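Visitor: I would like to go through this model term by term. Please set each value against its definition.

Guide: Gladly. Here it is.

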Amino acid sequence: MSSATYDELWGEAETLLTETVQADAVLQGAKPLKDRKKVHNVVSTLYIRYSLVSNKLEQCYEQVIQPQKRLLLKRLLDASLGRVLELKHELVNVDLSECSYYDDVLIECGVTPQEAEIRVPRYFRREQIEQIEERWTFVESTLRNLGTLRETVVSEQMTESQAIRLIQAHERARQGRLRYQFMKEIRQMKDRSIVKPEVQEEDQESEKLAAMKIQKLWRGYITRRRIRKRRLEEMLLIGMLQPGQTITENARRAEKVKQQRYEKQMDFQQQYQDLVSEAKERICREKSAVMEENIRSEIRNWIDSYFQQTGKIPDLPSVENGGSRMIFSRQGTESTVSKSTALSSKESKKSKRSKSKKDSETEQSEDETDLGFKSVPSNFLSELIRANQEYQDVWKNKDESMNPMQLPYRDMIEAEKTKETEDEVRLVVDQAMREDIEALQTALDRDRGVKGKRAKPQKRVRRSGKKNKKKKEKDLTPDRTLESLFEELVAEGIIKLYRKTSLDEFKGEKSFANHELREKEGDPLPTLGDTRQLIAEYCILPLGNEVLRELTPLVRSVLIAGPRGSGKKFLVNAICTELGATLFDITPANIAGKYPSRSGQIMLVHLISKVSRLLQPSVIFMDEAEKPFVKKVPKTDKTDPKRMKKDLPRLVRNVTAEDRVLIVGTSNKPWDGDQKLLFQAYDKVIYIPRPDYGSMSLVWKDLLYKYSGISRQFDTSAMAKACDGFTIGTVLAVLDEVMTTKRMVQLRTHPLTHAELVNALSFKDPVYREEEDAFLAWFSKTPTCRRKQRALELELERLNAENEKKKMKKGK
């Protein structure tokens, strides 16, 4: 697509964003709402709209090449993603469930669940790809030197001439086999002719009949083939069949254009940075002295006029309040309090205190009487408003006909750097003028006979005993470099390589029935599509950059639970891949025998904590997450699983909003551990149930249609029904077992049958009813489910109390 197309898409996103921001501002100032369903509808509408805006902005940011547009697009994208995460946490508090369903809102907005699903921005990984590859290469080289790297044998690339010779050799062999078969048939015909010497003369009419029969058969064959092809194209067009996964020429061309735009982005960004540095140096050299003199004369004139009017020397506003810029931005209004007036304002303070007390009392009374859901103040709404206004002022109606190449705009750079230089000069001038004002005030007091110096305003002292800052940890390795610590953890197997996979490869359908079930006061289980969305919102998006991590609700640790083969480790790999994160494996079996004794344990925790912060984003992974909290360790277990019982919660507590570090635990038997300690260690719990029919059908289509020899008419719904109770991992194992290289070659002549897949599936173990019941019983005891049960109990008690009051009134 062209730059004009992406500008148009940006305009659509801004139109939707303007409407959404206005509705969001109304919600921020609204009174608390008591109706939970009404709150759900309002918040989910904002959530869907912000998700749509984020997806459009991400698409624009990925392909727009103009550097000044990209700066604004990134601000808008980060703020939109941050608001999505804030609204997600509000939805959890409203619905008392990690998964929310809003089919009515989707219908109102006219979008599908797939379109409303938030996408992970590609710039998370692309803008730090050099660091990721450098780190990956370092780990591979270290493991190779230790002799523990499992390298896959890569076949040598064949040159074009070698490929031609190989094809010629095989083609000659094929022609030789055909020639042999042809000569054999001729010889057999000769033998038959010897046995039957009498040759009947062929009738001319029979030849015509034979030719007509051949024509009839051939025409019927090509017509049927044409109809089948047209029907297949029609079914693909309306989405009734899964499209083929072969890479077409158009797809290759689109990918090539995308790479070219990436290269242009880097080139134009470098040009922009060069222009910015050059403009800044030139403006500082040519205009800073004139700016300083103008600002100084303005302030002096203001001081002189103020002194002439009041006989007092004014005080400049502080840097936090805007300095001298604040004075000239509100000309005509009353200036700041004069330094020469030392009168105390106890009465005004008393009135303010009384007002604040009254306000607090009224707020408390309102809170007591009007309980309801109040939207949490947003950290991103103000930034969204500013960025949106900047788009309206600068880019919405900008004529770019003179800049078809989308090069940086020099006039905008000039104006921006002029303002920046003026602000820097103003800071210096303001500080110098404050000293001059102090000297003038001292001289004026001396002339008037005022003794002593006026008391400077005291700094506010923190009255609370506790400090906000956490105690700084002692560095046990101050004399060691990051490279040496990194190499040590790689050598010990704590830092590991992971299989690169994207979150989109975790196939699963969104639920189309859970909304109605929840409307009927049901508590449906999440689907695989819901799980994928939770992973993006809790694990990937908050760690995408520093702004999102610091300003969104803090999620320090996540527990992923599900039966064996449900995709828990796949999701951990996807988190690391999408973020380009460093993976630390502290599974009990992996750290067994490493860093022994108490001092070694302290060093291990210190190294993980220190290096994970230095190499952030980082993921600290623990498989079998329930083992540190088991009540009794089996005698056969020699891995000392309770080793991290005290240190794991400490690691979680030490993660702050400044750290792009996430602790992820996986478990297929979470009920074995102490539930209280387990839920104290993990902030969020994500349960992966066995896949439903929709997800299983989607997975079968996606996996089978990768093979070109399989017909698009293959009945995948029958396989989805046959796999009820099995996990995705089982399906993958079955396909690996059936679809061997030999079987793939035979697909053209011997099509794949259901019997082959079902036969292989019969040897696998499903998720039995007992295991599923154990998961459901455990999941019902998670903190979020307990909160929902408690809310339902309180609602029931309230209804019973109202009914009793009505009965009492009727009795009277």
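Visitor: How many cavities does a search of the whole structure find at 30 Å³ or more?

Guide: This is a predicted model. A search of the whole structure finds 4 cavities of 30 Å³ or more.

Visitor: What makes the largest cavity a cavity, and which residues lie nearest its centre?

Guide: A cavity is a set of points where a 1.4 Å probe fits but cannot get out. A lining residue has an atom within 4 Å of a point. For the largest cavity, 17 residues line the space. Ser100, Tyr102, Lys510, Asp530 and Gln533 lie nearest its centre.

Visitor: Which helices supply at least two residues of that lining?

Guide: Helix 4 (103–109), helix 5 (113–116) and helix 18 (528–540) each do. Helix 18 gives the largest share, 4 residues. By class, the lining of the largest cavity divides into 8 nonpolar, 3 polar and 6 charged residues.

Visitor: How much space lies in the second largest cavity, and which residues lie nearest its centre?

Guide: About 100 Å³. Its lining has 13 residues, with Arg135, Trp136, Tyr498, Ala581 and Thr582 nearest the centre. Helix 7 (129–146), strand 1 (495–496) and strand 3 (582–585) are the elements that give two or more residues to this lining. Helix 7 gives the most, with 4 residues. The lining of the second largest cavity divides into 9 nonpolar, 2 polar and 2 charged residues.

Visitor: What makes the second largest pocket a pocket, and how much space lies in it?

Guide: A pocket is an open set of points, with protein on both sides within 12 Å along at least five of seven lines. About 1000 Å³ of space lies in the second largest pocket. It is lined by 31 residues, and Arg36, Val94, Asp95, Glu521 and Leu792 lie nearest its centre. Two or more lining residues come from each of helix 2 (36–63), helix 3 (67–95), helix 17 (514–519) and helix 31 (783–811). Helix 31 supplies the largest share, 10 residues. The classes in the lining of the second largest pocket are 9 nonpolar, 7 polar and 15 charged.

Visitor: Why is strand 2 called mostly covered?

Guide: Buried means under 20% relative accessible area. In strand 2 (residues 557–561), 5 of its 5 residues are buried. Ser557, Leu559 and Ala561 point one way, Val558 and Ile560 the other way, and all are buried.

Visitor: How do you know which strands pair with strand 2?

Guide: Two strands pair if at least two bridges are found between them. Strand 2 and strand 5 (residues 661–667) have 5 bridges, in the parallel sense. Ser557 has Ile663 as its bridge partner there. Strand 2 and strand 6 (residues 684–687) are joined by 4 bridges and also run parallel. In strand 6, Tyr687 is the bridge partner of Ala561.

Visitor: What makes a strand an edge strand in the sheet?

Guide: The open sheet has 6 strands in the order 1-3-4-5-2-6, with mixed pairing. Strand 1 and strand 6 each pair on one side only, which makes them the edge strands.

Visitor: Why is Tyr595 called buried?

Guide: The cut-off is under 20%. Tyr595 has 12% relative accessibility, so Tyr595 counts as buried. This residue lies in the loop between helix 21 (588–591) and helix 22.

Visitor: Why is Glu624 called partly exposed?

Guide: Exposed means over 50%, buried under 20%. The relative accessible area of Glu624 is 28%, so Glu624 is partly exposed. It sits in the loop between strand 4 and helix 23 (647–654).

Visitor: What makes the backbone worth a look here?

Guide: Most residues other than glycine have a negative phi, and most peptide bonds are trans. Tyr595 has a positive phi of about 50°. Phi of Glu624 is also positive, near 50°. A cis peptide bond joins Gln616 and Pro617, with omega about 5°. Pro617 is in the loop between helix 22 (597–614) and strand 4 (618–623).

Methods. Residues numbered from 1 in each chain as written. Predicted model: local features only at pLDDT ≥ 70, side-chain atom pairs only at ≥ 80, totals over all residues. Heavy atoms only, no water. 1 Å grid on protein atoms, 1.4 Å probe; cavity = no way out; pocket = protein on both sides within 12 Å on 5 of 7 lines; lining within 4 Å. Points joined across faces, edges and corners; volume = space filled by probe spheres on them. Nonpolar A, V, L, I, M, F, W, Y, C, P; charged D, E, K, R; others polar. Buried < 20%, exposed > 50% of the residue type's maximum accessible area, 1.4 Å probe, protein only.
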